[in-house]
Each structure stands twice: as C-alpha cells, then as structure tokens.
Amino acid sequence: FDLAFEIASSRAYLDFDLRRKQLLLDAQQPATVAVFCDTASLMYAHARTHRNFRWLLNLLFEHNLGFEVIYAHQLAELSRFRCVTLPYCVSLTDELAAKFEHFVSEGGGIVMLENVGERDRWRRARSQPALAALLSKDYPHSFQRKVGKGRVAFVSENVASVGSRNRLHSVTTFLTTEVINAIHFAANENC
C-alpha cells in the first residue's frame with residue numbers, strides 16, 4: 001500500500017472536480033431507473049436489509065443500468081424515470097403508496113423487492129400491503145404484470161426451489177436474473 005500514491009491520486013480527482021465545479025452544478029443524470037430509499041424502512045432494518053440495498057445498487061452498476069437514488073421529497077420528479085425500484089421498503093406511508101400507484105397509472109413501472117409496504121410508518125403490521133392494488137394473486141411469489149398503463153413486477157427472495165451444491169452462488173445468480181428481468185419489464189425495455 002503506497003500512501004503517497006493514494007493521496008496524490010485522490011488529490012488529482014479533487015482538483016479535477018474543483019476546477020469543473022460550475023459544470024457539475026445542476027447537472028441532470030440521464031437515469032431511466034429510480035431507486036427509492038425509504039429512510040423509515042432502513043432506519044429500523046436489520047443489517048441484512050442494508051446489505052441487500054447495497055447489493056441492488058452494485059447490481060445496477062454491474063449491468064450498466066443508469067439509476068438515481070431518490071428520497072420521499074423527490075417523488076414529484078418520478079415522471080423523469082421509466083421505472084422505480086422499491087427495495088426493502090417495508091414501512092411505506094399511505095401517502096407514498098398513493099404516489100407510486102399514481103406513477104403506475106400514468107404509465108410508469110415499479111419493481112418491488114420483498115415485503116414492500118407490509119407495515120405502516122410506525123412499523124405496525126398492515127392487514128394488506130400498502131400497494132395491494134398493484135399486487136397480483138401470485139403475491140408473495142414473484143410476478144410481472146401490466147396494471148393500467150403501467151407495469152408492475154415483484155421479486156421474492158423466497159428461493160427455496162433453487163437447489164445446487166453451491167447454493168449461495170445459485171441463489172445470487174437466480175436473484176440477479178430475476179431483478180434485472182423485472183427492471184427491464186417495468187421500464188418497458190426489450191433487452
């Protein structure tokens with residue numbers, strides 16, 4: 001490990017950014033996929049949930065899918081995206097659910113990952129998930145379907161049917177394929 005080299009390299013990146021700061025202000029990313037970060041869900045989540053959220057972001061990077069992480073105060077900008085992913089958003093409010101349902105009714109796509117909206121903002125269990133109107137009869141199993149003008153996909157992590165000597169590799173490969181296919185479906189892309 002060469003500390004002097006690391007400092008010099010970091011300095012070069014910082015200098016580049018500082019010299020071009022004006023060019024970067026108010027820049028728009030050409031993302032087609034939004035990844036919704038629900039702070040209430042992540043705040044009380046297990047370490048596994050945080051790890052899975054990072055896994056999704058890395059997956060999008062690895063598959064060259066332009067994405068932007070968005071938060072509740074940015075939902076007015078949803079129309080900029082072809083689809084939004086809701087990874088591990090367990091504690092959705094009714095207001096957030098209504099915004100996502102409206103997005104789908106206007107032709108947007110949604111990809112839900114595991115337990116979306118099963119609790120309210122106070123972490124109380126709901127009798128039905130907040131986005132029940134978008135779910136299919138197949139829930140809680142994975143599905144893809146058209147809903148009005150939009151598209152909805154749900155990816156379940158219940159992969160008990162995946163069997164192999166190297167189970168972890170098989171499960172990861174299975175989920176990777178499921179999630180990428182769901183995003184392409186929800187974004188209405190033929191990839």
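Student: Which ring does the charged end of R151 sit over?

Tutor: The ring of F185. The charged end of R151 lies 4.7 Å from the centre of that ring. Keep in mind that this is a predicted model.

Student: How many aromatic pairs does a search of the whole structure find?

Tutor: Four. A pair of aromatic rings is described by the distance of the centres and the angle of the planes. Take F36 and F100: their ring centres are 5.2 Å apart and their planes stand at 75°. Planes over 60 degrees apart count as edge-to-face, so F36 and F100 form an edge-to-face pair.

Student: Where in the chain do F36 and F100 lie?

Tutor: F36 is in strand β1, residues 33–36. F100 is in helix α5, residues 94–105.

Student: Is F36 buried or exposed?

Tutor: Buried, because its relative accessibility is 0%. F100 is buried too, with a relative accessible area of 0%.

Student: What kind of pair do the rings of F143 and F154 make?

Tutor: Read the angle again. The planes of F143 and F154 are at 25°, and the centres are 6.1 Å apart. Under 30 degrees counts as stacked, so this pair is stacked.

Student: Which strands hold F143 and F154?

Tutor: F143 lies in strand β5, residues 143–147. F154 lies in strand β6, residues 150–155. The pair therefore ties together parts that are eleven residues apart in sequence. Both F143 and F154 are buried.

Student: Which residue forms one aromatic cluster with F143 and F154?

Tutor: Y139.

Key
Residues numbered from 1 in each chain as written. Predicted model: local features only at pLDDT ≥ 70, side-chain atom pairs only at ≥ 80, totals over all residues. Heavy atoms only, no water. Phe/Tyr/Trp six-rings, centres within 6.5 Å; stacked < 30°, edge-to-face > 60°. Helix = DSSP H or I, 4+ residues; strand = E, 2+ residues; numbered from the N terminus. Buried < 20%, exposed > 50% of the residue type's maximum accessible area, 1.4 Å probe, protein only. Lys NZ or Arg CZ within 6 Å of the ring centre and 35° of its normal.
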